[in-house]
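This report describes selected helices, side-chain pairs and ligand contacts. Please consult the sequence and the structure shown below while reading.

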Amino acid sequence: MKATATANANIALAKYWGQRDIALTLPANSSISMTLDGLSTKTTVEFSGGLKQDSLKIDGHAASREEIARTSGFLDIVRKMHGTQIFARVESENNFPKSAGLASSASGFAALALAATRALGMELDAIELSKLARRGSGSASRSVFGGFVEWKKGSREDGSDCYATPIAPKEHWPELKMIVAVLTKKEKAVSSEKGMQLTMSTSPLYNAWLGSADSDLEAAREAILEKDFNGLGKTAEMNCLKMHSTMLTTEPHLIYWEPETIGLMKGIMGLREDGVECYFTIDAGPQVKVLCLEKDAKRIVKYLSFLPGVKETRVCGTGEGARIAKQGLF
Ligand code: 2P0
């Protein structure tokens, strides 16, 4: 009745923004991501007949009411699949700040999906696990797999064709790195789910986003398969700016950037003008991630450390998918 799983965060290179079905977490567009080796969540789940409700600890602290409600809602789906009604004790640890645009919900729900199903003795295949993780957080469907991953939006109303699959394993492109620059450890004010709903209903640019999502997806997939660094970097950076253009033009405006975020964007563009190949990408938060090749990573980290507001940098390679861990958190 107890199991522990670890999953890594992922960062999208062709991003997901918008849902065609909120209750089932079905996206309006497909997306492609890289699973990162440096950012992970470990989660232990124990179901026990004696519990009167689910409990949740994150990073050693009792979770907020909203976090418990979201986790319980997800566990209800697992309980329904299994045909049980017993509650669970859940503890989770991130090796990076949660809810700050570093994809903690992706690694968190991928780890929870695997740990919770195993704790109940269920052995889901990777595609079923991806569909289940998706119900907790859309991007978690991608963290089930390592390497480079595509999450297909699917077309069925019940979501049965909406899951992630690997494009290339983590060994495919070892020279590719993503430098995560942490600017603030504050949690974001507007959740991605709420932000997406506001964007879809109010941004005049949202249709343009959907109109170019498929061509960005194709370009990113092809660049990954061909290991075309500049092709991938250009596609990812432009795709990120298109997504943020829809956020900026949402009512009320969704400005996930801090002044230091813009400083880093300009810094990366400046480095590129000086001949260093690197590209930025930013999610629903202020942190900046820099796509680069291993040979340039040290120089870029040094440069970033001189820019205002950079608290921490981590050089990440492609990581592995969700897996069972031997050592539990309790
Ligand atoms: C992505 N994001 O493709 C896009 C790009 C953010 C910007 O998936 O509410 O993690 O955080 O659980 O699915 C963030 O949304 O939702 C996301 P939350 P999710 O990575």
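Which residue caps the N-terminal end of helix 3? Asp-125 does, with a side-chain oxygen 3.2 Å from the backbone nitrogen of Ile-127. The model is a predicted one, in which local features need pLDDT of at least 70 and side-chain atom pairs count only at pLDDT 80 or more, while totals for chains, interfaces and linings use all residues. Residues are numbered from 1 along each chain as its sequence is written, and side-chain values use heavy atoms, with hydrogens and water left out.

Helices (H or I, at least four residues) and strands (E, at least two) are DSSP runs, numbered from the N terminus. Helix 3 covers residues 126–136, and its buried residues (under 20% relative accessible area, 1.4 Å probe, protein chains only) are Leu-129, Ser-130, Lys-131, Leu-132, Ala-133, Arg-134 and Gly-136. They pack against helix 1, helix 2 and helix 4 (140–143), and against strand 3 (26–27), strand 8 (148–151) and strand 9 (164–168).

Rings of Phe, Tyr and Trp (its six-membered ring) pair if their centres lie within 6.5 Å, and planes over 60 degrees apart count as edge-to-face. The rings of Phe-74 and Phe-109 are edge-to-face, at 5.4 Å centre to centre and 70° between the planes. Phe-74 is buried, with a relative accessible area of 2%, and Phe-109 is buried at 8%. The structure holds five aromatic pairs.

Val-45, in strand 4 (residues 31–47), is buried at 0% relative accessible area. Leaving aside neighbours within four places in sequence, Val-45 has contacts (heavy atoms within 4.5 Å) that include Met-1, Arg-89, Leu-112 and Ala-119. The charged end of Arg-89 sits over the ring of Phe-330, 3.7 Å from its centre; the criterion is CZ of Arg within 6 Å of the ring centre and within 35 degrees of the ring normal.

Around the ligand there are 17 residues, of which Arg-70, Ser-105, Ser-137, Ser-139 and Arg-142 come nearest; a residue counts as near if one of its heavy atoms lies within 4 Å. The table lists polar contacts, pairs of N or O atoms within 3.5 Å.

| Residue | Atom of the residue | Distance to a ligand oxygen |
|---|---|---|
| Arg-70 | polar side-chain atom | 2.6 Å |
| Gly-138 | polar backbone atom | 3.2 Å |
| Arg-142 | side-chain N or O atom | 2.8 Å |

Technical notes: Phe/Tyr/Trp six-rings, centres within 6.5 Å; stacked < 30°, edge-to-face > 60°. Buried < 20%, exposed > 50% of the residue type's maximum accessible area, 1.4 Å probe, protein only. Polar contact = N/O pair within 3.5 Å; in protein donor to acceptor, adjacent residues only side chain to side chain.
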